[in-house]
Amino acid sequence: MIYITGDCHQDFRRFSTRIFPEQKEMTKEDWPSVIHMMRGQVFEIDGRRIFTFGGARSHDIDGGILEPEDPYFQIKKKKLDRGELPYRINHVSWWQQELPSQEEMEEGRRNLAAYGNTVDFIVTHCCASSTQILLGGAGYRPDIETAYLEEILRNTRFRKWFFGHYHGNRNVNAREILIYEQMIRIS
(Lines give C-alpha, C1' and ligand atoms only; values in the text may rest on other atoms or scores of the structure.)
Protein backbone atom coordinates (compact mmCIF):
# COMPACT_ATOMS: atom_id res chain seq x y z
CA MET A 1 0.00 0.00 0.00
CA ILE A 2 1.18 3.51 -0.74
CA TYR A 3 0.55 6.62 1.33
CA ILE A 4 0.82 10.15 -0.06
CA THR A 5 1.62 12.95 2.38
CA GLY A 6 -0.34 16.08 1.81
CA ASP A 7 -4.00 15.67 2.63
CA CYS A 8 -5.03 19.23 3.41
CA HIS A 9 -6.09 18.33 6.97
CA GLN A 10 -2.93 16.53 8.08
CA ASP A 11 -0.81 17.65 10.99
CA PHE A 12 2.41 18.18 9.06
CA ARG A 13 4.38 18.51 12.30
CA ARG A 14 3.88 14.76 12.87
CA PHE A 15 5.94 14.08 9.76
CA SER A 16 8.58 16.78 10.09
CA THR A 17 10.22 15.19 13.13
CA ARG A 18 10.70 11.88 11.29
CA ILE A 19 11.63 13.01 7.81
CA PHE A 20 15.07 14.07 6.68
CA PRO A 21 15.63 16.08 3.47
CA GLU A 22 17.61 13.29 1.81
CA GLN A 23 14.78 10.76 2.27
CA LYS A 24 12.33 10.15 -0.51
CA GLU A 25 10.25 7.58 1.31
CA MET A 26 9.43 6.61 4.88
CA THR A 27 8.12 3.34 6.23
CA LYS A 28 6.95 2.71 9.76
CA GLU A 29 8.18 -0.34 11.61
CA ASP A 30 4.62 -1.21 12.61
CA TRP A 31 3.38 -0.75 9.01
CA PRO A 32 6.02 -2.54 6.95
CA SER A 33 3.79 -2.86 3.87
CA VAL A 34 3.04 0.88 3.69
CA ILE A 35 5.30 3.08 1.59
CA HIS A 36 5.15 6.77 2.43
CA MET A 37 5.56 8.55 -0.90
CA MET A 38 6.83 12.09 -0.60
CA ARG A 39 5.90 15.03 -2.81
CA GLY A 40 7.61 15.19 -6.17
CA GLN A 41 9.23 11.75 -6.17
CA VAL A 42 9.30 9.02 -8.80
CA PHE A 43 9.17 5.50 -7.40
CA GLU A 44 9.83 2.27 -9.26
CA ILE A 45 7.65 -0.51 -7.89
CA ASP A 46 7.24 -3.86 -9.65
CA GLY A 47 8.66 -2.41 -12.83
CA ARG A 48 6.23 0.52 -12.83
CA ARG A 49 7.17 4.16 -12.42
CA ILE A 50 4.94 6.21 -10.14
CA PHE A 51 5.14 9.99 -9.71
CA THR A 52 3.66 11.20 -6.42
CA PHE A 53 2.61 14.63 -5.23
CA GLY A 54 0.47 15.20 -2.15
CA GLY A 55 -1.23 18.37 -1.03
CA ALA A 56 -4.35 20.40 -1.75
CA ARG A 57 -5.96 23.67 -0.75
CA SER A 58 -8.73 23.26 1.80
CA HIS A 59 -12.14 23.84 0.25
CA ASP A 60 -13.90 24.04 3.60
CA ILE A 61 -12.57 27.33 4.96
CA ASP A 62 -15.23 29.85 3.92
CA GLY A 63 -15.40 31.02 7.53
CA GLY A 64 -11.65 31.59 7.59
CA ILE A 65 -8.65 30.28 9.44
CA LEU A 66 -8.65 31.16 13.11
CA GLU A 67 -5.47 31.85 15.06
CA PRO A 68 -5.51 30.31 18.58
CA GLU A 69 -3.32 33.16 19.86
CA ASP A 70 -5.81 35.80 18.68
CA PRO A 71 -7.29 37.50 21.77
CA TYR A 72 -10.72 37.27 20.08
CA PHE A 73 -10.32 33.59 19.17
CA GLN A 74 -13.10 32.29 21.46
CA ILE A 75 -15.54 34.98 20.34
CA LYS A 76 -14.85 34.32 16.65
CA LYS A 77 -15.07 30.57 17.13
CA LYS A 78 -18.36 30.80 19.03
CA LYS A 79 -19.84 33.00 16.28
CA LEU A 80 -18.69 30.58 13.55
CA ASP A 81 -19.97 27.57 15.51
CA ARG A 82 -23.47 29.11 15.45
CA GLY A 83 -23.30 29.78 11.72
CA GLU A 84 -23.00 27.60 8.69
CA LEU A 85 -19.60 28.65 7.37
CA PRO A 86 -16.89 26.03 7.79
CA TYR A 87 -13.64 27.19 9.32
CA ARG A 88 -10.27 25.79 10.37
CA ILE A 89 -7.90 26.51 13.24
CA ASN A 90 -4.24 27.12 12.42
CA HIS A 91 -2.00 24.26 13.61
CA VAL A 92 -5.04 22.32 14.87
CA SER A 93 -7.09 21.58 11.75
CA TRP A 94 -5.21 23.61 9.12
CA TRP A 95 -1.53 23.86 8.16
CA GLN A 96 0.11 26.19 5.66
CA GLN A 97 2.05 23.20 4.29
CA GLU A 98 -1.13 21.83 2.72
CA LEU A 99 0.11 23.57 -0.43
CA PRO A 100 3.58 22.74 -1.76
CA SER A 101 6.61 24.97 -1.66
CA GLN A 102 8.41 26.15 -4.79
CA GLU A 103 11.26 23.79 -3.83
CA GLU A 104 8.94 20.76 -3.72
CA MET A 105 7.45 21.64 -7.10
CA GLU A 106 10.89 22.15 -8.64
CA GLU A 107 12.06 18.82 -7.22
CA GLY A 108 9.08 17.16 -8.88
CA ARG A 109 10.00 18.75 -12.22
CA ARG A 110 13.62 17.57 -11.89
CA ASN A 111 12.61 14.05 -10.94
CA LEU A 112 10.18 13.75 -13.85
CA ALA A 113 12.82 15.13 -16.23
CA ALA A 114 15.23 12.44 -15.05
CA TYR A 115 12.71 9.90 -16.39
CA GLY A 116 12.10 11.75 -19.65
CA ASN A 117 8.78 13.08 -18.29
CA THR A 118 7.34 9.58 -18.69
CA VAL A 119 5.82 7.48 -15.89
CA ASP A 120 3.23 4.74 -15.73
CA PHE A 121 1.11 6.27 -12.99
CA ILE A 122 0.63 9.60 -11.25
CA VAL A 123 -0.75 9.52 -7.71
CA THR A 124 -1.70 12.84 -6.14
CA HIS A 125 -4.14 14.18 -3.59
CA CYS A 126 -5.36 17.06 -5.76
CA CYS A 127 -5.71 17.28 -9.56
CA ALA A 128 -4.95 19.68 -12.40
CA SER A 129 -6.97 22.90 -12.86
CA SER A 130 -8.60 21.64 -16.06
CA THR A 131 -9.63 18.42 -14.31
CA GLN A 132 -11.20 20.44 -11.48
CA ILE A 133 -13.36 22.18 -14.08
CA LEU A 134 -14.54 18.79 -15.34
CA LEU A 135 -15.40 17.80 -11.77
CA GLY A 136 -17.16 20.89 -10.51
CA GLY A 137 -17.24 23.70 -13.04
CA ALA A 138 -16.64 26.98 -11.23
CA GLY A 139 -17.14 25.28 -7.86
CA TYR A 140 -13.39 24.87 -7.39
CA ARG A 141 -10.85 27.67 -7.68
CA PRO A 142 -7.43 27.10 -9.25
CA ASP A 143 -4.44 27.65 -7.02
CA ILE A 144 -0.66 27.21 -7.09
CA GLU A 145 -0.92 23.43 -6.80
CA THR A 146 -3.63 22.86 -9.39
CA ALA A 147 -1.66 25.09 -11.78
CA TYR A 148 1.47 23.02 -11.10
CA LEU A 149 -0.45 19.80 -11.68
CA GLU A 150 -1.82 21.28 -14.90
CA GLU A 151 1.79 21.72 -16.02
CA ILE A 152 2.48 18.09 -15.09
CA LEU A 153 -0.65 16.98 -17.00
CA ARG A 154 0.47 18.82 -20.13
CA ASN A 155 4.16 17.85 -20.03
CA THR A 156 4.16 14.25 -18.77
CA ARG A 157 3.33 11.01 -20.55
CA PHE A 158 1.43 8.63 -18.25
CA ARG A 159 -1.09 5.79 -18.36
CA LYS A 160 -3.33 6.66 -15.39
CA TRP A 161 -3.60 9.48 -12.85
CA PHE A 162 -5.26 8.75 -9.49
CA PHE A 163 -6.35 11.45 -7.00
CA GLY A 164 -8.86 11.68 -4.14
CA HIS A 165 -9.24 15.20 -2.71
CA TYR A 166 -12.76 15.64 -4.08
CA HIS A 167 -14.33 12.82 -2.04
CA GLY A 168 -15.82 10.78 -4.85
CA ASN A 169 -15.23 7.73 -7.00
CA ARG A 170 -15.40 8.18 -10.76
CA ASN A 171 -13.50 8.09 -13.99
CA VAL A 172 -13.13 11.71 -15.03
CA ASN A 173 -11.85 10.57 -18.41
CA ALA A 174 -9.95 7.56 -19.75
CA ARG A 175 -6.75 8.44 -17.87
CA GLU A 176 -7.77 10.49 -14.82
CA ILE A 177 -9.52 8.69 -11.96
CA LEU A 178 -11.00 10.20 -8.82
CA ILE A 179 -10.71 7.53 -6.14
CA TYR A 180 -11.75 8.15 -2.55
CA GLU A 181 -13.31 5.20 -0.76
CA GLN A 182 -11.68 2.37 -2.63
CA MET A 183 -8.44 0.50 -2.69
CA ILE A 184 -7.46 -0.76 -6.12
CA ARG A 185 -4.64 -2.82 -7.51
CA ILE A 186 -2.79 -1.18 -10.35
CA SER A 187 -0.72 -3.16 -12.79
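**Aromatic contacts around Tyr148**

In this predicted model, Y148 is buried, with a relative accessible area of 2%. The ring of Y148 takes part in an aromatic cluster that also contains F51 and F53.

Four aromatic pairs are found in the structure. One of these joins F51 and F53, whose ring centres are 6.3 Å apart. The planes of the two rings meet at 20 degrees, and the pair is therefore stacked, since an angle under 30 degrees counts as stacked. Both partners are enclosed: F51 counts as buried because its relative accessibility is 0%, and F53 is likewise buried at 0%.

F53 also pairs with Y148, their ring centres lying 4.8 Å apart. F53 belongs to strand β5, which spans residues 48-53, whereas Y148 belongs to helix α5, which spans residues 144-155. The contact therefore ties together parts of the chain that are 95 residues apart in sequence. Through these pairings, F51, F53 and Y148 form one aromatic cluster.

A further contact involves an aromatic ring and a charged group. The charged end of R175 is positioned over the ring of F158, at 3.9 Å from the ring centre.

How values were computed. Residues numbered from 1 in each chain as written. Predicted model: local features only at pLDDT ≥ 70, side-chain atom pairs only at ≥ 80, totals over all residues. Heavy atoms only, no water. Phe/Tyr/Trp six-rings, centres within 6.5 Å; stacked < 30°, edge-to-face > 60°. Buried < 20%, exposed > 50% of the residue type's maximum accessible area, 1.4 Å probe, protein only. Helix = DSSP H or I, 4+ residues; strand = E, 2+ residues; numbered from the N terminus. Lys NZ or Arg CZ within 6 Å of the ring centre and 35° of its normal.
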